[in-house]
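Me: I would like to go through some of the labels attached to this model and ask what each of them rests on.

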Amino acid sequence: MKPEQFVQSLLFTVLVAVLMAPAQGVEINQQSELREKRDSQLKQPSVLSQASSQQVVPVTGVQVNSTDQGVEIILQTPLGEQLQVKPKSEGNTYIAEISNAQLRLSSGDTFRQEKPGAGIAEITVTNQDANTILVTVKGDEITPQVELFDSDEGLIFGLTTTASVTQTPPAQQPETQPAPTPTPETEATPPAQQPESETSPQPPSAETDEPIELVVTGDRDDDYNALNATTGTRTDTPLRDIPQSIQVIPQKVIEDQQVIRLDEALNNVSNVIPGGLDTNTEARYTIRGFDNAPILINGFRQYAFPTVPETANLERIEVLKGPASILYGEIQPGGIINAVTKQPLAEPFYEIEVQAGNYNFVRPRIDLSGPLSDDKSLLYRLNFSYLNSETFRGFDQNFEEFFVAPVLAWKGKNTDFTFEAQYSNRRRPYDNGLLAFGNGVIDVPRDRIVNEPDDYIERTYISTGYSLEHRFSDKWTFRNGFRYANSRVYSDRLTIPTNFDESTGIVDRVYALDDFYSDDYSLQSNVVGKFATGGIKHTLLFGLDLNRTNSSSFATSNFFTPSQLDIFNPVYGATPRTALDVLLFDRESTTDRLGIYIQDEIAFFDNLKLLAGIRYETVNQQIQDQPALFYPAGTDTNQFNDAWTPRVGIVYQPLKEVSLYASYSKSFNPNVDSRNIDGDFIPPERGEGYEVGVKTELLDSKIFATLSYFDITKQNVATEDLRLPGLGFSVATGEQRSRGVEFDISGQILPGWNIIAAYAYTDAEVTADNTTPVGNRLVGVPRHSASLWTTYEIQRGNLQGLGFGVGFNYLGEREGDLSNSFQLDSYFLTNAAIFYRRDNWRFALNFKNVFDIDYLTGVSGRLGAIYPGEPFTVIGSVSVSF
């Protein structure tokens, strides 16, 4: 990247931030006033309105924050209407029925958080019926004390777990006798309902409590901040209690950036580097220096020819850093990516969006959800999208994709059952990228291609399955899920480079046909139990994972009659496609996987937590190769591998908002798809990692930040055999090590001002090898990488709903191959957006790579997989929801 381009991009980013500052300054003063009002309300309950309203109030979000008194629950609503609250208590549980209201969360109709603070076991907010929200707060031993507050931020439930006297406003004090002394039961009852004729109050009940109405205004926007994720523990443990770095990209970020491809969203997470495309995996990602990070969909992995999730159907993306075989079996030690899809809503929701941009890009999208039964126990959701676009590269083929995903859910009293399916068909140009030249990359126009303009590849993906959850009690839960995934990858027009003469510019290429197919069956079952042994609290997880993968791979080519292309003066179509009469390989494979694991989350005190677990994994694979070019006699081979993979971590919280953590874990990854040119399997890859860090919640939990240091080692590394690139052969390269520092931050700075940012320093190198020099850097891993995205939406006045966004992505210099024979330059991309919301309409324009920087992504060797990045791109959208 040229210095003047870097300076230009940086100045633009700073200029936009300065232009946003005046509006933000006004909000700072308004926020200061709001906080002063809030602090006053926390000291004394507000006066309650006696008016009534029959309109059903939508509650669009639930936020749980730590306070000096304990914990508060904020119900977010965009309407300035009144809510009716009827409280009661049962045992050690506080219950509030809120009439004339409905919970309308994007993630479903239930919010649940465990152990949000000292003395509180669980908070649940859910829809009781069509007009009632049910809030339950379960104390560890006694009923939490609750005070209700009227705030500009929303309806607030202030929770404490120690006895205190609730102050009654003077207008509500009885005139002839002193106020009664509260008890754990009566403190759940607002002062206006205290009995006047008794000296000791009685526990409230649903029959005697009178409704209380509170004025509620405002809508608290914390959509950039996710405080919970299931990927780290397979339980709903808060992120601050998990001794491992987990980053979440919420749907709000996906919307604001108009994300089309998964890698665009992952640019917001530290140390996740896109590695380009290939025939087998469609897209490759590097996490913490290690390639081929697996992509899960709702916790399920597709092992053979996996698809990349469609972003139109995503609720959020969770990235778990470091070795995680304890929960997910055979994976790379860098981490995993888990795409969480949209689930049915209890209230009718309909959204239509149309996106359009340069290169004749068009993408309509539909999202429908709601109940199918009067009691709202049967729900549905349907997502559909279609994409068609030309390419900036020199191909005749368009990008075209069709996607549909129906979901059906049944919500019972103690049992939930969800059935879901997905279908996608993608056809795109088959792009080999560019070639290495000297110690860099060949200098040709951005649209120059190495293969033929009519090359294409088509992928069809079908998935179906169910998830079942049964709650035996509030302490024991059984979960079971099944997924079937089918993939087919096909093309009869592929052109693959096999040699490049840098002195003449002549590229030798062969034509090929690929036909890959896989059936993937996965079953997951686990039991979660919560109990105590003395004063020590446990969340126990015990589970079983089963998987069978059947796959077939078939490829032919004109291997002995290659065509030639002058890359500096190309003439495409000069050599006709000859008969593909050489069978490269014809292979069938069956792989069975079994994993048994146990994990315990132990809370010794309110501020000291231990996470420990271990998994036993077996992988049994059988492969049959028919006689072909690379296996003239054919082969019938099998391999069996097993491993124990532990994880242990500790979290210490000196303050409620701060978590200090450390962890150790191992990974296990049999090379089921990696064989050398002789047909022998590469030994299983094994990794181990250490991590220490600090997590913190800032600005009343509106912002979440993680700072971490990691040290990961991987042995028996399988890398592509560059003697036969693109044909699936591997060699073992010894030991690799990656160490570094990461910082991630996301959330809301002020009302309307959101931010998500990341930085990573990574030192990834070869530490032992028979063929590669020790000290060589790993492929495609920059020492420095960073990203920033921030948006501001005007909150009031004539321009209310108008918003702006600006950000950048920076990637440092990277090595192009393990021999470190060539490098890819660093780049700095600037992105911007402008959007406007009015009522249920949203209009947006996004500008990507504003300064049209030439840059390169991907990289896996000198003969391709080096991809020119997208030029300046504009995407506009119009959406309406109702």
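Me: What makes Lys695 count as a charge over the face of Tyr661?

Reply: Lys695 lies over the face of Tyr661 at 5.2 Å from the ring centre, and the rule asks that NZ of Lys or CZ of Arg be within 6 Å of the ring centre and within 35 degrees of the ring normal. Arg427 is likewise placed over the face of Tyr456, at 3.8 Å from the ring centre. The model is predicted, so local features need pLDDT of at least 70 and side-chain atom pairs count only at pLDDT 80 or more, while totals for chains, interfaces and linings use all residues. Side-chain values use heavy atoms, with hydrogens and water left out, and residues are numbered from 1 along each chain as its sequence is written.

Me: Why is the pair of Phe808 and Phe828 called stacked?

Reply: Rings of Phe, Tyr and Trp (its six-membered ring) pair if their centres lie within 6.5 Å, and planes under 30 degrees apart count as stacked, over 60 as edge-to-face and the rest as tilted. By this rule the count comes to 17 aromatic pairs. For Phe808 and Phe828 the values are 4.9 Å centre to centre and 15 degrees between the planes, and the pair is therefore stacked.

Me: Why is Phe808 called buried?

Reply: Buried means under 20% relative accessible area, exposed over 50%, and partly exposed in between (1.4 Å probe, protein chains only). Phe808 has 16% relative accessibility and therefore counts as buried, and Phe828, with a relative accessible area of 3%, is buried too.
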